[in-house]
Amino acid sequence: MTDAHALDGLRVLEVGNYLAGPYCGTLLADLGAQVTKIEDPHGGDVVRTYGAVIDGTQDSSAFLTLNRNKGSVAVNLKSEEGKAIFRALAVRADVVVENLRPGAMRRLGLDYASLTEENPGLIYLAASGWGQDGPLATNAGLDIMAQARSGVMSVTGFPGGEPVKAGVPLCDIGCAMYGAIAVLAALNHRNRTGEGQFIDVSLYETGVAFAIWEFAKHSATGEIPAPQGSAHQTAAPYQAIRASDGWFTVGAATPKTWLAFCHGVGMTELIDDERFASNDDRMRNRCELIAAIEERTRTQPRTHWLNLFDEVGVPAAPIHDYGQVFSDEHLVVRDFFWESTTRDGTPVRQMGSPMRLSRTPTVRRTPGPGLGDLTGAVLSGLGYTEADIARLDADGVVRAARNPAPIGGDGHD
């Protein structure tokens, strides 16, 4: 496989914790960027201590997955010498990604305005809970708060039920994705003009941006969308359906698939029923429709219906738990998961990237880095001597890993 990657040569500095900023950095690293994670020498990214730990590793499995393909430089940005190190790195960088609370980097003298005095082509992305300005800007903002205020939680779950957030951190991950897209757009602009720019992305606006159907409906009718369980906002039948041994999902959302569905389940009488004549009719009478359908589908197991719908061309799928997902034959055949190895030699299974590029495939190199694994090499590249690095380490300005050599992945590089 080719050694070329789409973002080869792009230098990214990442400052932050948790998810939105670091995952934005990971997306860029997956595409080939050289992402250097700037961490506090005293513990680093808090995710290092969050969740399960694979035997033989020091950091959490979540950290090793979330921060794949990066290096770590551990430097105290609150110290003057640490700030000088960061500025020296920023002069050479193409992109800075940070997700500290708005104003934190400015107070350190490391904000966009300060850094662009020496590097006017710098692209600087700030990810936050609520955005860099506005009345909420300085508030703490986590994924659940963004899901709550953005309306995502108001349409999640079942009518009359308790508040439910999405099971995965939608706003965090979506914000990281919007951030990566914005960085790529800014790079395209810089390639044409030489100009860098500041990028502001937030968890809150990410959550609001997900409300495509809800916004359209409210704009047209004034109706406030409400939770509907697994049902679609504008199409029926399009939801989880009961079989004799559990649940499966089906989506007969077009006239063609609706007819195929009725013929497939042997309920052609539904076609001429005026309650279900059009999609709008089916939405208005969805409860009656699903009750009628489940009276039939509960007579056979899920595999029966999934095989049948596959034959007649109606979209349908089983509802898998993650144990099934992480061993799914389709993903295994498509080589989605891959094996990496920590610097201590421990194998770590990795999540693949959904981005499949034919000429510049995504990177598969290393799991999340050890704290400060590149500190010594990076400082040497800036002109610091071994004695300088040892002094800075002893003073708590930096942390240089004792076993810094990274080990590669499974050959996809």
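Buried residues are those under 20% relative accessible area, exposed ones are over 50%, and partly exposed ones lie in between (1.4 Å probe, protein chains only). The model is predicted, so that local features need pLDDT of at least 70 and side-chain atom pairs count only at pLDDT 80 or more, whereas totals for chains, interfaces and linings use all residues. Residues are numbered from 1 along each chain as its sequence is written, and side-chain values use heavy atoms, with hydrogens and water left out.

View 1. Helices (H or I, at least four residues) and strands (E, at least two) are DSSP runs, numbered from the N terminus. Helix α7 covers residues 170-193, and its end C-alpha atoms are 34 Å apart. Among the buried residues of α7 are Cys171, Asp172, Gly179, Val183, Leu187 and Arg190. Their cover includes α1 (20-30), β4 (95-98), β5 (123-128), α6 (143-149), β6 (197-202) and α8 (203-209). Just after α7, glycine 194 takes a positive phi of about 85°.

**View 2. The largest nonpolar core.** A nonpolar core is a set of buried Ala, Val, Leu, Ile, Met, Phe, Trp, Tyr and Cys residues joined through side-chain atoms within 4.5 Å. The largest has 34 residues, and Val12, Leu28, Val95 and Leu125 have the most contacts inside it. Helix α7 provides the largest share of this core, 7 residues. Neighbours within four places in sequence aside, leucine 125 is in contact (heavy atoms within 4.5 Å) with residues including Cys24, Val97, Gly179, Val183 and Ile199.

**View 3. The second largest pocket.** A pocket is an open set of points on a 1 Å grid over the protein atoms alone, where a 1.4 Å probe fits, with protein on both sides within 12 Å along at least five of seven lines; lining residues have an atom within 4 Å of a point. The second largest pocket has a volume of about 880 Å³, a volume being the space filled by probe spheres set on the points, which are joined across faces, edges and corners. Of its 29 lining residues, Tyr23, Thr65, Arg68, Ile173 and Met351 are the closest to its centre. Helix α7 gives the most to this lining, with 5 residues.

**View 4. The largest pocket.** The volume of the largest pocket is about 1000 Å³. Its lining comprises 37 residues, with Gly16, Asn17, Tyr18, Asn99 and Leu100 nearest the centre.

Conventions. Expected span 1.5 Å × (residues − 1).
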